[in-house]
Amino acid sequence: MSDLRTNWTLNEIEVLFELPFNDLLFKSHSIHRSNFQPNQVQVSTLLSIKTGACPEDCSYCSQSARNDTGLERERLLPLDEVISAATEAKNNGATRFCMGAAWRNPTEKSLNHVIDMIEAVKALDMETCVTLGMLEKNQALRLKDCGLDYYNHNLDTSPEFYGTVISTRTYQDRLDTLEHVRDAGINVCSGGILGMGETRRDRARLLQELANLPEHPQSVPINDLVQIQGTPLDGIDKLDSFEFIRTIAVARILMPKSYVRLSAGRTEMNDETQALCFFAGANSMFYGDRLLTTDNPDENHDQQLFKRLGIQSEKREVSAPTSLSA
Ligand code: SAM
Ligand code: DTB
Ligand code: SF4
């Protein structure tokens, strides 16, 4: 990744955001085209392996014990349920299976269970991703040893806005976890959430933080806030769609070889907005009718969307899942 810049200035990023929409999309799409197949999108499926009762206070989240969202607390899922969900995801065309747990950090005992899950999903010939909260160095090494492909841990927003959203862990805690994951040799998946009341400058600062990490994250999820009743962010003004698309475009320009994931929030987006996100440089998404605790567009709808746009789901070299192809 040595030819990639990790020294973007805030001013350079703000100038990109301010370009006329067509100029910005022309630029980001050109960069996208020179680094990726423009009509291919990588598809991952999510599963919540441990839901609810999280001790953290993330003000967007249905799973924080501090938010009265009516979510049932669930124990860690048994291994056979994980295997059947992953098998179904694979048969539906997903190449990566992402497992999320509502933890501040995993205990040693829970990590052992997650390692069994990762090994079982890998045995299905799928890529694996987990998101378990903060990780220590030795825990990251254990995950690398069992063959984990990606670890998701988002910066969520700018360092300046962060304190208004979460108080129970710091921005530096997040950067430390990313360092442990990167140093262990696991692919980093890190991005953020838009539409939490942040300014354009905050969006630019989030992208600056991501792009100026020692290495660009291999995967950059951009979530549009899913508003959840009972959370402090419920009812906040929705972000303008064009601003969401602009943010995807700027992410593509700053991190030209990273997968940019059009992540949570697609149920509230029309097809035209999603199409513009793909044009702007998004080349990954979650497929399957559930995210972690909220809905995702149903599979038929996404298959139709791919057909209408002539998009194909990206195949892994070693396996060829099929049902999402146009
Ligand atoms: N508990 C772990 C953690 O926070 O690191 C892993 C699971 S957490 C649900 C994973 C990510 O999902 C969060 O960092 C956040 O960026 C995203 N997320 C959670 N709730 C969301 C919501 N309502 N809308 C959009 N994104 C959300
Ligand atoms: C990410 O950035 N988005 C996904 C994944 N990483 C784990 C999670 C989205 C969660 C949306 C709200 C929910 O379903 O609870
Ligand atoms: Fe817990 Fe993760 Fe939700 Fe924060 S985002 S409350 S850490 S599950």
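Okay, let's start with ligand 3: the residues around it are C54, E56, C58, Y60, C61, S64, A102 and R169. Keep in mind that this is a predicted model. By residue class, that shell splits into 5 nonpolar, 1 polar and 2 charged. And where does ligand 3 sit? The space it takes is the largest cavity.

We count 4 aromatic pairs here. One of them is F21 with F242, an edge-to-face pair at 5.3 Å centre to centre, with 75° between the planes. F21 belongs to helix 2, residues 21–35, while F242 belongs to helix 9, residues 241–254, so this contact ties together parts that are 221 residues apart in sequence. Are these two buried or exposed? F21 is buried, at 19% relative accessible area, and the cut-off for buried is under 20%. F242 comes out at 46%, so that one counts as partly exposed.

Next pair: F36 and Y259. The ring centres are 5.0 Å apart and the planes are at 70°, so F36 and Y259 are edge-to-face. Again we have a link between distant parts of the chain: F36 is in the loop between helix 2 and strand 1 (40–50), and Y259 is in strand 8, residues 259–262, which puts them 223 residues apart. F36 is buried, with a relative accessible area of 14%.

The charged end of R5 sits over the ring of W8, 4.0 Å from the ring centre. Then there's R261, whose charged end sits over the ring of F286, at 5.0 Å from the centre.

Methods: Residues are numbered from 1 along each chain as its sequence is written. Chains are lettered from A and ligands numbered from 1 in the order in which they are written. This is a predicted model: local features need pLDDT of at least 70, side-chain atom pairs count only at pLDDT 80 or more; totals for chains, interfaces and linings use all residues. Side-chain values use heavy atoms; hydrogens and water are left out. A residue is near a molecule or strand if one of its heavy atoms lies within 4 Å of it. On a 1 Å grid over the protein atoms alone, a cavity is a set of points where a 1.4 Å probe fits but cannot get out, and a pocket is an open set with protein on both sides within 12 Å along at least five of seven lines; lining residues have an atom within 4 Å of a point. A molecule sits in a cavity or pocket if more than half of its atoms lie within 2 Å of its grid points. Ala, Val, Leu, Ile, Met, Phe, Trp, Tyr, Cys and Pro count as nonpolar, Asp, Glu, Lys and Arg as charged, and the others, Gly among them, as polar. Rings of Phe, Tyr and Trp (its six-membered ring) pair if their centres lie within 6.5 Å; planes under 30 degrees apart count as stacked, over 60 as edge-to-face and the rest as tilted. Helices (H or I, at least four residues) and strands (E, at least two) are DSSP runs, numbered from the N terminus. Buried means under 20% relative accessible area, exposed over 50%, partly exposed in between (1.4 Å probe, protein chains only). A charge sits over a ring if NZ of Lys or CZ of Arg is within 6 Å of the ring centre and within 35 degrees of the ring normal.
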